[in-house]
Amino acid sequence: MEGVKKQKDHCLQMDRRQKLVLSAIVNVGTFDEKEILLESTMGNMTLKGEGLHITQLNLDEQTLIVEGMIKAIIYTDGDTKGNKTRGLLEKILR
């Protein structure tokens with residue numbers, strides 16, 4: 001079938017907790033220097049740390065590179081969009 005992307009295998013490679021290379025990334029939601037919310041082919045993910053910044057994002061190739069001090073990588077199953085929105089609203093209303 002033409003126009004259908006082949007699903008890439010989801011992999012991550014971390015270098016000294018300061019650089020994280022991810023594959024099979026479908027979408028990046030919200031991000032700041034302490035938290036990045038994203039969607040991979042294996043489910044939703046949250047990256048937590050300090051001084052996080054996205055140094056490369058290519059959704060056509062489904063790759064993402066994040067640099068900074070990575071403290072946690074959390075996978076969540078199911079739809080967390082409502083939780084993300086509520087969390088964002090809670091941050092704004094503080």
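Two strands are taken to pair if DSSP finds at least two bridges between them. In the predicted model described here, β5 and strand β6 (residues 63-76) meet this criterion, pairing in the antiparallel sense over twelve bridges. The two strands form a hairpin with four residues between them, and within this turn Q62 has a positive phi of about 60°.

A hairpin through two residues joins β4 to β5. Individual residues illustrate how β5 takes part in both pairings: L47 of β5 is the bridge partner of I36, and L47 also stands opposite I73 in β6.

Together with L12 and Y75, M42 forms a nonpolar patch on the surface; the accessible area of the three residues is about 300 Å² together.

As a whole, the protein comprises six strands and one helix, arranged along the sequence in the pattern β-β-β-β-β-β-α. Of the 94 residues in the protein, 28% are buried. The accessible surface of the protein comes to about 6700 Å², and carbon and sulfur atoms account for 51% of this surface. Among contacts between residues at least 6 apart in sequence, 45% join residues at least 24 apart.

Terms used. Residues numbered from 1 in each chain as written. Predicted model: local features only at pLDDT ≥ 70, side-chain atom pairs only at ≥ 80, totals over all residues. Heavy atoms only, no water. Buried < 20%, exposed > 50% of the residue type's maximum accessible area, 1.4 Å probe, protein only. Contact = heavy atoms within 4.5 Å. Areas by Shrake-Rupley, 256 points an atom, 1.4 Å probe, with all protein chains shown as cover. Patch = residues over 30% accessible without salt bridge, like charges linked within 9 Å, V, L, I, M, F, W, Y side chains within 5 Å. Salt bridge = Lys/Arg side-chain N within 4 Å of Asp/Glu carboxyl O.
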